[in-house]
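Please find below a colleague's notes on this entry, written to be read beside the coordinates.

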Amino acid sequence: MVMIGASILSADYGNMSEEVKKAENAKIDFFHVDIMDGHFVPNLSLGLSVPMDLKKITDFPLDVHLMVENPEKFIPKVAGYAEMVAFHAESTKYLFKTIDLIKEYGAKPIIALNPSTTIDCLEYVLDELYGVLVMSVEPGFSGQSFINPMVKKIDVLKKKITSENYDTKIFVDGGINVNTAPKVVAVGADALIAASAIYGKEDINSAVNELRNSVNR
Ligand code: DX5
Ligand code: ZN
């Protein structure tokens with residue numbers, strides 16, 4: 001069963017409790033929380049206190065996506081409230097140290113890769129990870145179009161994971177909708193993250209159902 005994560009980047013921040021409830025009722029699997037620093041990506045988004053605040057209003061798992069330089073500086077502020085923490089391979093020289101730091105807080109480590117980053121940097125860490133977050137848009141903004149060559153990247157990554165007998169999961173983030181979701185699931189994506197295809201829609205319940213039905217044939 002493919003997991004679906006609702007990215008609150010496109011939610012109405014003035015109505016957060018209600019926005020969270022709507023996604024819970026639509027039976028998403030987790031919330032995806034995008035944190036940006038204006039350096040690693042050309043945008044600012046949610047602050048470091050958001051995971052803590054969300055934990056007060058939901059028991060659903062939180063997947064915190066750090067789009068920041070030096071993620072090790074910020075992990076201690078968010079990892080205690082998150083089930084999963086994703087940091088970018090491009091943002092630190094210390095992959096093992098950063099993975100261990102996330103585990104120290106009891107969260108599951110995920111490494112995110114920008115679209116043009118190859119999977120080679122994962123060679124020695126893949127087995128240490130709960131997941132790999134394949135960015136299928138350039139990080140920084142919701143509402144962008146899916147970058148098609150990412151289907152091939154997911155395919156290659158899945159084959160590598162399978163051939164090594166690892167249980168590392170593949171998360172896909174960016175431009176996911178009813179048209180792109182089936183393509184990435186066909187090559188082995190385990191989790192889909194969507195902002196505009198969920199929170200950008202009038203009816204969140206049918207948006208999540210449509211996304212789920214597009215991949216559960
Ligand atoms: C982009 C973020 C994504 C974003 C996805 O930098 O990491 O999580 O919220 O937005 P959509 O689903 O609209 O492409
Ligand atoms: Zn994200």
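This is a predicted model: local features need pLDDT of at least 70, side-chain atom pairs count only at pLDDT 80 or more; totals for chains, interfaces and linings use all residues.

1. The shell around ligand 1. Ligand 1 is surrounded by 22 residues, the closest of which are Ser 7, Leu 9, Ser 142, Ala 195 and Ser 196. By class, the shell comprises 9 nonpolar, 11 polar and 2 charged residues. At least two shell residues come from each of strand E2 (30-36), strand E8 (191-194) and helix H7 (196-199).

2. The annotated positions. In an unreviewed entry, UniProt gives the annotation "active site" to Asp 34 and Asp 173. Although these positions are spread over 140 residues of sequence, they cluster in space, with a largest C-alpha distance of 10.7 Å.

3. Asp 34. This residue has its place in strand E2, one of the elements that supply at least two residues to the shell around ligand 1. Asp 34 counts as buried because 26 other C-beta atoms lie within 10 Å, where 20 or more are required. Apart from neighbours within four places in sequence, Asp 34 is in contact with Ser 7, Leu 9, Ser 45, Leu 46, His 65 and Met 67; Ser 7 and Leu 9 are also listed among the residues closest to ligand 1.

4. Asp 173. When residues up to four places away in sequence are not counted, Asp 173 touches Leu 133, Met 135, Ser 136 and Ile 193.

5. Which residues of helix H4 (residues 95-104) are buried? They are Thr 98, Ile 99 and Ile 102, and, viewed down the axis of H4, they fall within an arc of 100°, so they line one face of the helix.

6. The surroundings of H4. The buried residues of H4 pack against helix H3 (75-78), strand E4 (84-88) and strand E5 (108-113). After H4 comes Gly 106, which has a positive phi, near 80°.

Technical notes: Residues are numbered from 1 along each chain as its sequence is written. Chains are lettered from A and ligands numbered from 1 in the order in which they are written. A residue is near a molecule or strand if its C-beta atom, placed from the backbone, lies within 6 Å of it. Helices (H or I, at least four residues) and strands (E, at least two) are DSSP runs, numbered from the N terminus. Ala, Val, Leu, Ile, Met, Phe, Trp, Tyr, Cys and Pro count as nonpolar, Asp, Glu, Lys and Arg as charged, and the others, Gly among them, as polar. UniProt positions are given in the numbering used here, feature names are shortened, and annotations may be inferred rather than shown by experiment. A residue is buried if 20 or more other C-beta atoms lie within 10 Å of its own, exposed if 12 or fewer, and partly exposed in between; C-beta atoms are placed from the backbone. Two residues are in contact if their C-beta atoms, placed from the backbone, lie within 7 Å. The arc is that of the directions from the helix axis to the C-beta atoms.
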